[in-house]
Amino acid sequence: MTHKQISTVLKSVSKPGRYIGNEFKQIIKNKDEVDVRFAFCFPDTYEIGMSNLGLRILYNTLNSDSYIWCERVYAPWIDMDAKMREHNIPLTAMESGDELTKFDFVAFTLQYELCYTTALHMIKISGIPLLSADRNDSDPIILGGGPCAYNAEPLADFFDAFSIGEGEEALNEACALMRDMKRDGSYNRRDFLHRLAKIEGFYVPSLYTIEYNEDNTIRAYTPVHDDIPTKIKKRIIADMDSAKFPDSFVMPYIETVHDRIMLEVYRGCIRGCRFCQAGMVYRPIREKSPETLCRQAKCLYENTGYDEISLVSLSISDYSRLDELTESLLEWTDDEKVNLSLPSLRIDSFSKELMDRVSSVRTGGLTFAPEAGTQRLRDVINKNVTEEDLMRAVNIAFESGKTNVKLYFMEGLPTETLDDVAGIADLAKKVVNAFYKNPKRNKSRGVSVTVSVACFVPKPFTPFQWEAQDSMEMLVEKQKHLRDCITDRKITYNWHDARVSFLETVFARGDRRLGKALLLAADMDVMFDAWDECFDFDRWMEIFESADIDPKFYTRAFALDEVLPWDIIDCGVTKQYLLRERERAYAEKTTPSCKENCNGCGANKLGGKNRWCK
Amino acid sequence: MVQIITSDEILEQPKTLRIKFFKKGSLQFISHLDLVRTMTRVLLRARLPLWYSEGFNPRPRLIFATPMSVGAESECELLDIRINKEVNPSAVMDALNRNLPPEMQATEVYYPETKLSELSFSSYIININTEGADASMAERCHTLLNTAPITVVKRSKSGDKPVDISPMVDCASATLDGGTIRINCVLNSASDNFLNPEYLITYLKEKMGVLSGNPMEESYEIIRTGVYFSNKREFR
């Protein structure tokens, strides 16, 4: 389907630029000359999907093999989706304009639990059978990957396989298997999936049967073949310096969320915040050298024309050679008028020098994430940041003329009391007071402190994976309590919808039985749950009722000895370590970072160069 | 490859360079702001010696003549940029075209002797593929576009209000070409007196019900074909 055939439709929808493709540096191959066609789908809008670094990396690595043509697919926004269904316009890939049924693989990156329905909707409007069991040899293989693949059990009925961990090598191996089997004529779905399950890092859910206990918890996972692993070990890239990284990006015409060069500095995290899934599943830490990074940055700058470079990692100030890196980048970025931005700055690392060096900090507002309102609770979650750290950071900001500060918190954290909630208001008030006590502040303006409070979601592979989520009523009560505690009009208070966080927990810790609910949701064309304009909580409750599922089963406290839906996955970090960390949390004891001390999380068994845990 | 920069000396005063380019096919769907962003990146990729504004947040200066709205194609868009070193215009054009997609390519690059504000008129071709297009429909279109008043509802900050756009239509003709109704017209397009050609479609839709059928079968295109001074001489 070309833009010409649907030009009248495009003239009637919002932001038609997101459907046209034809971007600079998109990769076009001759479809008759490739062996494997791979549709990389992002189950959200173009503007969000084009901002995803993982997709950009994998687009590059897949296409670096000449026999593979990887194309991009994004979800049409609701107005376009309605027109497409009205006029029988199929979902197509950006590069070739071909329908997804023509591809060997249709792969989804699963970044967030609330995109599951959008992914299923995309399969549905492509004309591919929704259930894995209904597909035959001529249908594409539906793959999933990304952070949610660490527990993608709710999607097990719909996806043929999941790629666990980093995909740069694994996906090309899956394509090679496909090519070989097609070449020697041995390809059929069943044999392909069986052989795929033997490649490290691939989980084929249909090859594992699950038995349940009478109380609905899981009794056991059993592989149906003897020659496939009982636990799927995640893949990592051992050496980040030699790993493929794009030398150019597909350049969007329309404005996207992160419209700049994203330079991945390292993978993993040394911190170990106990609520954070990313901090656990991306271990072990592996850094790139400043030489590699500078080379990649320069190359991307010349090939894209972007005037901003964002240094991407889970916590940029933990990069062991940050000074060296920024020094050598600044040697040319200032002359070329290229801005450097450092997102994910920790409060305890914020300094005057850094602030002067980094333009995003110089020009934009400042955001800090204390996460909890009292020291006790910050120790429970192992945030390792103190009130003094925060006061020091905001004073530096105020002295250089800043008058806006954003503070991120979570509510509903394990062991949290109303005093901890009130602590958020106290802390915000102290920031306001610090401004007026600071003689070097910008006296021409008042201060504005924004407090944003998310609801805690217990996630798989974290020390808090067993915790109950506060009931929605409790979360709302705590939100009200905080609202009552905030009396200063210089403080703006935002909070997340507890119902969204509830649904997130259900799918984050869900098992295969949720497939029934997702199938009903797909029938009702539920999608874009992460968007306020589409999220419909009451409809979800009706869906759970029709599917005879109690969603609260998934927000309860999980027993420490029960089989967890994600026990089938080995992410490197061991359960023993998570249990130890959980005990320390309840003892209000912090754990030092990997830089200070190896805490024996287990991720080092996966290998990897340039890490702290030698 | 011919060098872009002909002298490394920094000019005392920045010079203006004019780029004429077409923008068609799928690129009709990107907005003016998207075009600005895209062109800024193209200029950086092409390594042109751009002049940057002074101050806290230095930016290159890009000025476009009479921006088109989303859904319109053009054979003659104009962009003025400022440079701080002498360049070879044809080398600039080659560098730009290597960095532009096939549907948007520069056709001329030169040091202009005029200001973009002297541009007064644009000519357009509007093709309407609608059900029941025939000679008599074309004739009715022709009559409608040549009879004052041509009243359309214009959106403005103070709300929607009916406006007679006929004084801004310099000339318009409608003919039948195959199964297509083709409108040739010249419309005001000075920056302070600009008529969006889309209004002619709106008017014909309302008066004649064109393009009210299946959008998979009916379509229209708007193509800007030329730009002119107030005396109708071709703008350069």
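Two strands pair if DSSP finds at least two bridges between them. This is a predicted model, in which local features need pLDDT of at least 70, side-chain atom pairs count only at pLDDT 80 or more, and totals for chains, interfaces and linings use all residues. Residues are numbered from 1 along each chain as its sequence is written, and chains are lettered from A and ligands numbered from 1 in the order in which they are written.

Q: In what sense do strand β4 and strand β5 of chain A run, parallel or antiparallel?
A: Strands here are DSSP runs of E with at least two residues, and helices are runs of H or I with at least four, each numbered from the N terminus. β4 covers residues 141–145 of chain A and β5 covers residues 161–163, with two bridges joining them. Leu143(A) sits opposite Ala161(A) in β5(A). The sense in which β4(A) and β5(A) run is parallel.

Q: Which are the edge strands of the open sheet in chain A?
A: Six strands make up this open sheet, with mixed pairing and the order β2-β1-β3-β4-β5-β6 (chain A). An edge strand here pairs on one side only.

Q: What angle does the direction of α3(A) make with that of β2(A)?
A: α3(A) packs on the sheet and touches β1 (36–42), β2 and β3 (105–109) of chain A. A contact means that the C-beta atoms of two residues, placed from the backbone, lie within 7 Å. Axes are lines fitted to C-alpha atoms, for helices over the stretch in contact, and angles run from 0 to 180 degrees between N-to-C directions. On that scale the angle between α3(A) and β2(A) is about 155°.

Q: Which helix gives the most to the side of domain 1 of chain A that touches domain 2 of chain A?
A: Domain bounds come from an automatic or database domain assignment, which divides chain A into domain 1 (33–164 + 167–233) and domain 2 (238–363 + 572–614). In the contact, 13 residues of domain 1 of chain A meet 16 residues of domain 2 of chain A. α2 (46–49) and α3 (53–63) of chain A each supply at least two residues of the domain 1 side. With five residues, the one that gives the most is α3(A).

Q: Why is chain A described as being as compact as a globular protein of its length?
A: Chain A has 20 helices and 19 strands. The radius of gyration is taken over C-alpha atoms, and the globule rule is 2.2 Å times the number of residues to the power 0.38. For 614 residues that rule gives 25 Å, so chain A counts as compact because its radius of gyration is close to that value, at 24 Å.

Q: Which residue takes a positive phi in the hairpin of β8(B) and β9(B)?
A: Strand β8 (residues 169–177) of chain B pairs with β9(B) in the antiparallel sense over eight bridges. Within this pairing, Ala174(B) has Ile183(B) as its bridge partner. The hairpin has two residues between the strands, and the one with a positive phi near 65° is Gly178(B).

Q: How many residues does helix α1 of chain B give to the side of chain B that touches chain A?
A: The contact takes 23 residues from chain A and 22 residues from chain B. Ala, Val, Leu, Ile, Met, Phe, Trp, Tyr, Cys and Pro count as nonpolar, Asp, Glu, Lys and Arg as charged, and the others, Gly among them, as polar. On that basis the chain B side divides into ten nonpolar, six polar and six charged. Helix α1 (residues 32–45) of chain B gives the most to this side, and its share is seven residues.
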